[in-house]
Amino acid sequence: IRRPAIDPPAKAIAVTSFYAALPEDGEIKALTNSSKRKIAALESVFRLHDRASVYDIKVITTQQAWVGLYRRAIILVSEIALELLDAEELQALVAHEMAHEYVWDRWEAAREPKDHIALKKLELYCDGIAVATLPLIGVRPTRFYSALRKIVHFNIDRFGMAAATPDGHPSLDER
């Protein structure tokens, strides 16, 4: 039910688009050994979902703790999230982001008109795939919720309640 992995020409377009939009100092290239270990731990999630070598992983500078999937080609991790999360929590959030590929067309269709109800349902679906993924790589499913809590509470502390649940995202209670 998942779309095939992004093909190399489409990936090249996505990467070019990403770099065109990124500020010159937006990508973090010098990572600590701890950060490198966390990123290396993502390989087990990629292999399980038959996505080894499909995604580029970019650590970016942003004000928020955040993990995302850009155009089915790049896993984005904010420097803050990388510092805040342990390896298992990062695996959990990346499993969620990878799950968006299962619903990519529906997610894109709901994103443009800002159909928040549909987006919430799709986010919860991706949560379910992430939670189902984790035991298959030897990670407790509770690590997904602990990662979400860290991200949400960090963003609330820094930006207030509006940052807790962006439009189209379920609250922690709903999750």
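Helices (H or I, at least four residues) and strands (E, at least two) are DSSP runs, numbered from the N terminus. I begin with that convention, as every element in this talk is named by it. The structure is a predicted model, in which local features need pLDDT of at least 70 and side-chain atom pairs count only at pLDDT 80 or more, while totals for chains, interfaces and linings use all residues. Residues are numbered from 1 along each chain as its sequence is written, and side-chain values use heavy atoms, with hydrogens and water left out.

Let me start in helix H8, where arginine 143 has its place. Arginine 143 counts as buried, at 12% relative accessibility; buried means under 20% relative accessible area, exposed over 50%, and partly exposed in between, with a 1.4 Å probe and protein chains only. Which residues does arginine 143 contact, leaving aside its neighbours within four places in sequence? They are Asp86, Glu88, Glu89 and Ala92, where contact means heavy atoms within 4.5 Å.

I turn now to the sheet. Strands of a sheet pair through backbone hydrogen bonds, either parallel or antiparallel. Here, two strands are said to pair if DSSP finds at least two bridges between them. The sheet is open and has four strands in the order E1-E2-E4-E3, with mixed pairing. Its edge strands are E1 (27-28) and E3, each of which pairs on one side only.

Consider the pairs in that order. E1 and E2 run antiparallel and are joined by two bridges, with isoleucine 28 opposite valine 59 in E2. Strand E2, residues 56-60, runs parallel to E4, and five bridges join them.

How many of the residues of strand E4 are buried? The count is five of five for this strand, residues 74-78, which is described as mostly covered. In a regular strand the side chains alternate between the two faces of the sheet. In E4 both faces are covered, with Ile74, Leu76 and Ser78 buried on one side and Ile75 and Val77 buried on the other.

Helix H1, residues 8-21, lies across E1, E2, E3 and E4 and runs at about 10° to E2. For that angle, axes are lines fitted to C-alpha atoms, for helices over the stretch in contact, and angles run from 0 to 180 degrees between N-to-C directions. Alanine 12 belongs to H1 and is partly exposed, at a relative accessible area of 43%. Alanine 12 lies 61 residues from alanine 73 in sequence, yet the two are 8.7 Å apart in space, C-alpha to C-alpha.

Next, two backbone angles. Most residues other than glycine have a negative phi, and most peptide bonds are trans. Arginine 71 takes a positive phi near 50° in the hairpin of E3 and E4, which has three residues between the strands. Arginine 71 counts as partly exposed, at 41% relative accessibility. Serine 53 also has a positive phi, near 70°. Serine 53 is placed in the loop between helix H3 (43-48) and E2, and counts as exposed at 71% relative accessibility.

Finally, the largest pocket. On a 1 Å grid over the protein atoms alone, a pocket is an open set of points where a 1.4 Å probe fits, with protein on both sides within 12 Å along at least five of seven lines; lining residues have an atom within 4 Å of a point. Grid points are joined across faces, edges and corners, and a volume is the space filled by probe spheres set on the points. The largest pocket holds about 980 Å³ of space. It is lined by 39 residues, and those closest to its centre are Trp66, Val67, Glu97, Pro166 and His169.

Which helix gives the most to this lining? That is H8, with six residues. At least two residues each come from E3, helix H5 (87-99), helix H6 (104-111), helix H7 (116-136) and helix H8 (142-159). By class, the lining has 21 nonpolar, 10 polar and eight charged residues. Ala, Val, Leu, Ile, Met, Phe, Trp, Tyr, Cys and Pro count as nonpolar, Asp, Glu, Lys and Arg as charged, and the others, Gly among them, as polar.
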